[in-house]
Amino acid sequence: MATKTENNNTTATDKKIAVGNATVNENEMKNSSLHKFFVDALKDIYYAEHKLVDALQTMHDAATTEELKDAFEDHQLQTKKHISRLEKVFKLINETAEQKKCEAMDGLIKEGEEIIKSTEEGSMTRDAALIIAAQKVEHYEIATYGGLAQLAITMGHDKAADLLEKTLQEEEDTDYNLTEIAETSINFDAEQED
């Protein structure tokens, strides 16, 4: 129920938001180009995370070593949490959680599928190639979540920014873990193959 206030023409539903050194009307923020881009980018990564759940299962099934299989399984569970966290972000900014086709993720997944087709089953070369494919995905996600977190901060969506930063940290940790797996044995073992 919108009511007029005594000293201005805003309504009770026109909530003011502190953004940097300024205060803006929530409705103005929702109509801004930056907010629209932010929501669009959220929809893009929301789609990407959904697609990644299935792709990680494919990568898990194609991996040779138990260590890499476990890493893909852990990342799949984490990705499901990221989907849930994105749904909270949408809710915090009063938007509907929707997916928008992410050409970048589709391309990265297709590249991963090509790696599986072009490498020998059961080989360390395949595992090394799968790690690289997974890290390309991680770097895309790191760039996306890092940018989204900063936009959320800029627009005064502090709770949303906290959630996005938590996901960003988890993506960085996954990237680090994949590097550790590669450097510990897989790359060396792959180099020994004919």
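Colleague: Why are H2 and H4 called roughly parallel to each other?

Modeller: Helix H2 (residues 33-62) and helix H4 (residues 103-118) pack at an angle of about 10°, with axes 10 Å apart. Angles under 35 degrees count as roughly parallel, so H2 and H4 are described that way. The axes are lines fitted to C-alpha atoms over the stretch in contact, with angles from 0 to 180 degrees between N-to-C directions. Bear in mind that this is a predicted model, where local features need pLDDT of at least 70 and side-chain atom pairs count only at pLDDT 80 or more, while totals for chains, interfaces and linings use all residues. Residues are numbered from 1 along each chain as its sequence is written, and side-chain values use heavy atoms, without hydrogens and water.

Colleague: Which residues of H2 and H4 make the contact?

Modeller: Contact means heavy atoms within 4.5 Å. Tyr47, Ala48, Lys51, Leu52, Ala55, Thr58 and Ala62 of H2 meet Met105, Asp106, Ile109 and Ile116 of H4.

Colleague: How do you know that the span of helix H3 agrees with its 27 residues?

Modeller: The expected span is 1.5 Å times one less than the number of residues. For H3 (residues 66-92) that gives 39 Å, and the end C-alpha atoms are 39 Å apart, so the two agree. Just after H3, Asn94 has a positive phi of about 60°.

Colleague: Which residues have the most contacts inside the largest nonpolar core?

Modeller: Phe38, Leu42, Leu68, Phe72, Leu130 and Leu164, in a core of 54 residues. The largest share, 15 residues, comes from H5. Leaving aside neighbours within four places in sequence, Leu42 touches Leu86, Val89, Phe90, Ile93, Leu148 and Leu164.

Definitions and conventions
Helices (H or I, at least four residues) and strands (E, at least two) are DSSP runs, numbered from the N terminus. Angles under 35 degrees count as roughly parallel, over 145 as roughly antiparallel, 65 to 115 as roughly perpendicular and the rest as oblique. A nonpolar core is a set of buried Ala, Val, Leu, Ile, Met, Phe, Trp, Tyr and Cys residues joined through side-chain atoms within 4.5 Å. Buried means under 20% relative accessible area, exposed over 50%, partly exposed in between (1.4 Å probe, protein chains only).
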